[in-house]
Amino acid sequence: MVLTCNSCGRSASLVRRGSGLEFRIECGFRAVSRSEIVDRSGCSWQAECGVMSSGAVEPDPGLYPDVAAAGGDLVAALRETGRRMGVPLAGLGDSYPPEGRSSHFAAVVEARCGDVRIELVQERREVEIMLRLPLLGVAGQGSTESLEVAVAVARSWQSAVPLAEMAGRWDFLRVTSEALAHDQGRAVEYEWALIRSLSPCLIDRELVTAAFSSPELRSLFPVVAHGSLQFRRRTISGPGSDIPSIFPMADSRWRVISLWDPEIPVRTAGTAEEAVGLVVAGLPKGCGGAVEVIHAARRGT
């Protein structure tokens, strides 16, 4: 992209670096701000009506006077709002803005587990809030007109206030049932209920029933993948597990495979109950119920 000086027509190259913009002028520059560039020759590139010649839109000061008072920067406005409220927001920083808008439109607040994304709507006074959890994604979202409310929500998320309590305090927050289950330490129960309701086109119901009937497997986190039933010792984890998995065979039999260790031979079973028995027999020593990762992480346990 190229910016053109409003007065003399000289140009400067525009390069994106992360969430910010870097301006390069052929003769070099001595000062850079988000709304103005001044080079050694005195040329300047000034934002007009909230839009720079690069096409990056800035927050409208008419809609967001509190942001404008903080230099047009959402992060600075949130920090100032938190200071006035006596609510410190550690981990507050820039976030990727929506396409075509400047980095002043979005902020993120890091939490012990996950984060909060805060974003300004361009066309009207509206502050969007999104609560996020690792690997799960969006846990809850909603919008308000108030930066004070956004700060309070972000601080509550940082302070590990239970998700259900937050939804009750701010009725505009819409939380997902999956995130609520993880936050309350019910992720294993939730996932088993979900899998037990799946279509038989996705997983054999006889296999699910047999596995759920086993106390050892019922306490683990179940995963369905390509018709197989797999088990995890953690409710949030990457792919792979040290617990054997059950895969269907074409002749109505079952294959029990230790995916993490190819040295362990594949075993076959004639019935779902027999396959479940092989998995239970192959559980690692000391294997107990799955760790409720989100619940533990948000509460620091």
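Mentor: Let us begin with pairing: two strands pair if DSSP finds at least two bridges between them, and the elements themselves are DSSP runs numbered from the N terminus, helices being H or I of at least four residues and strands E of at least two. In this predicted model, local features need pLDDT of at least 70 and side-chain atom pairs count only at pLDDT 80 or more, whereas totals for chains, interfaces and linings use all residues. Residues are numbered from 1 along each chain as its sequence is written, and side-chain values use heavy atoms, with hydrogens and water left out.

Trainee: How many bridges link strand E8 and strand E9, and in which sense do they pair?

Mentor: Strand E8 (residues 106–110) and strand E9 (residues 115–120) are joined by five bridges in the antiparallel sense; alanine 106 has glutamate 119 of E9 as its bridge partner, while valine 108 stands opposite arginine 117. Four residues lie between the strands of this hairpin, and glycine 114 there takes a positive phi near 90°. On to the next strand: E9 and E10 pair in the antiparallel sense over six bridges, with leucine 120 partnered by valine 127 in E10, and a hairpin of six residues joins E9 to E10.

Trainee: What is the order of the strands in the open sheet?

Mentor: The open sheet has six strands in the order E7-E8-E9-E10-E11-E12, with antiparallel pairing. Strand E7 (92–94) and strand E12 (174–175) are at the edges with a single partner strand each, so one side of each is left without a neighbour in the sheet. Helix H3 (residues 147–158) packs on the sheet, touching E8, E9, strand E10 (127–133) and strand E11 (137–144), where contact means heavy atoms within 4.5 Å.

Trainee: Why does glutamate 119 count as buried, and which residue does its side chain meet in a polar contact?

Mentor: Glutamate 119 counts as buried because its relative accessibility is 15%. A polar contact is a pair of N or O atoms within 3.5 Å; within protein, one must be able to donate a hydrogen and the other to accept it, and residues adjacent in sequence count only if both atoms are side-chain atoms. The side chain of glutamate 119 makes one with the side chain of arginine 117, at 2.7 Å. Beyond its neighbours within four places in sequence, glutamate 119 is in contact with residues including Pro98, Phe105 and Val127.

Trainee: Which residues of helix H7 are buried?

Mentor: An α-helix has 3.6 residues a turn, so residues three or four places apart point the same way. In helix H7 (residues 205–212), the residues Leu207, Val208, Ala210 and Ala211 are buried. Aspartate 204 caps the N-terminal end of H7, with a side-chain oxygen 3.0 Å from the backbone nitrogen of glutamate 206.

Terms used:
Axes are lines fitted to C-alpha atoms, for helices over the stretch in contact, and angles run from 0 to 180 degrees between N-to-C directions. Buried means under 20% relative accessible area, exposed over 50%, partly exposed in between (1.4 Å probe, protein chains only).
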